[in-house]
Amino acid sequence: MMNLSLEKRQLCDIQGRLFQLALKNGYDCPMFIESFMNSKAALALDDTYDRLQWAGEEYILEELNEEVGGLKKAGEIYSAEVMYWTGYTYRYWHYYTGEGSKEIYKMAEAHTMNECWLGFHTLDVEMAIDDLKEIYMLKILV
């Protein structure tokens with residue numbers, strides 16, 4: 001398992017809390033996840049250093065809402081556990097593989113993360129990422 005620095009682990013936690021905050025604010029979960037993973041905000045978090053990384057989840061959510069011209073309320077709802085795990089795992093995935101948020105989302109979109117949570121959330125995060133990448137590879141081979 002990678003030995004992530006405290007700062008990187010904190011960013012994983014911030015992104016997990018950001019995803020939970022989106023749920024708490026009543027946003028459509030899959031649409032929020034897709035919007036975020038393809039946003040300038042996610043790109044800023046992917047960067048080596050960007051001020052947005054330390055702005056906190058409330059500010060990041062405001063930035064995203066402004067960027068996309070308003071996040072959709074209501075719609076499909078995931079559990080708080082799924083949302084936190086998804087946000088945390090996506091950020092960890094970036095550190096683990098060096099892949100960007102847009103690339104990661106193409107391999108494991110919101111519905112995949114929701115479906116896989118039950119079996120994967122107890123795994124070591126790197127094992128879960130490896131399994132998600134394997135599922136993606138199997139899908140594109142079919």
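Phe19 touches Phe32, Ile33, Phe36, Met37, Met83, Thr86, Gly87 and Tyr90, leaving out residues up to four places away in sequence. Touching, or contact, means heavy atoms within 4.5 Å. The model is predicted: local features need pLDDT of at least 70, side-chain atom pairs count only at pLDDT 80 or more, and totals for chains, interfaces and linings use all residues. Residues are numbered from 1 along each chain as its sequence is written, and side-chain values use heavy atoms, with hydrogens and water left out.

Phe19 also belongs to the largest nonpolar core. That core has 45 residues, and Phe19, Phe32, Ile33, Phe36 and Tyr90 touch the most other members. Helices α1, α2, α3, α4 (57–67), α5, α6, α7 and α8 each supply at least two core residues. The most come from α1, which gives 8. A nonpolar core here is a set of buried Ala, Val, Leu, Ile, Met, Phe, Trp, Tyr and Cys residues joined through side-chain atoms within 4.5 Å. Buried means under 20% relative accessible area, exposed over 50%, and partly exposed in between, with a 1.4 Å probe and protein chains only. Helices are DSSP runs (H or I, at least four residues), numbered from the N terminus. In soluble globular proteins, nonpolar side chains tend to be buried together.

Now follow helix α5. It covers residues 80–97, 18 residues in total, and reaches 26 Å from first C-alpha to last, close to the 26 Å expected at 1.5 Å a residue. The expected span is 1.5 Å times one less than the number of residues. Its buried residues include Val82, Met83, Trp85, Thr86 and Tyr90. The buried residues of α5 pack against α1 (6–24), α2 (29–37), α3 (40–46), α6 (101–107), α7 (110–120) and α8 (125–141). Just after α5, Gly98 takes a positive phi of about 80 degrees.

Take the partner α7 next. Its axis lies 10 Å from that of α5, and the two pack at an angle of about 105 degrees. That makes α5 roughly perpendicular to α7, a label for angles of 65 to 115 degrees. Axes are lines fitted to C-alpha atoms, for helices over the stretch in contact, and angles run from 0 to 180 degrees between N-to-C directions. On the α5 side, Glu81, Val82, Trp85, Thr86, Thr89 and Tyr90 meet Ala110, Met113, Asn114, Trp117 and Phe120 of α7.

Helix α8 is another partner. The axes of α5 and α8 come within 10 Å and cross at roughly 85 degrees. These two helices are therefore roughly perpendicular to each other. Trp85, Thr89, Tyr92, Trp93, Tyr96 and Thr97 in α5 meet residues of α8, among them Val125, Ala128, Ile129 and Leu132.

Ala128 sits in helix α8. Ala128 is buried, with a relative accessible area of 0%. Apart from neighbours within four places in sequence, Ala128 is in contact with Trp85, Phe120 and Leu123. Ala128 and Thr89 are 39 residues apart in sequence, yet 8.4 Å apart in space, C-alpha to C-alpha.

Two loops complete the tour. Arg51 lies in the loop between α3 and α4. Leaving out residues up to four places away in sequence, Arg51 touches Tyr59 and Glu63. Its C-alpha atom is separated by 21 Å from that of Ile33, 18 residues apart along the chain. Ala74 is found in the loop between α4 and α5. Ala74 is partly exposed, with a relative accessible area of 46%. Ala74 has a positive phi of about 65 degrees, although it is not a glycine.

Definitions and conventions:
Angles under 35 degrees count as roughly parallel, over 145 as roughly antiparallel, 65 to 115 as roughly perpendicular and the rest as oblique.
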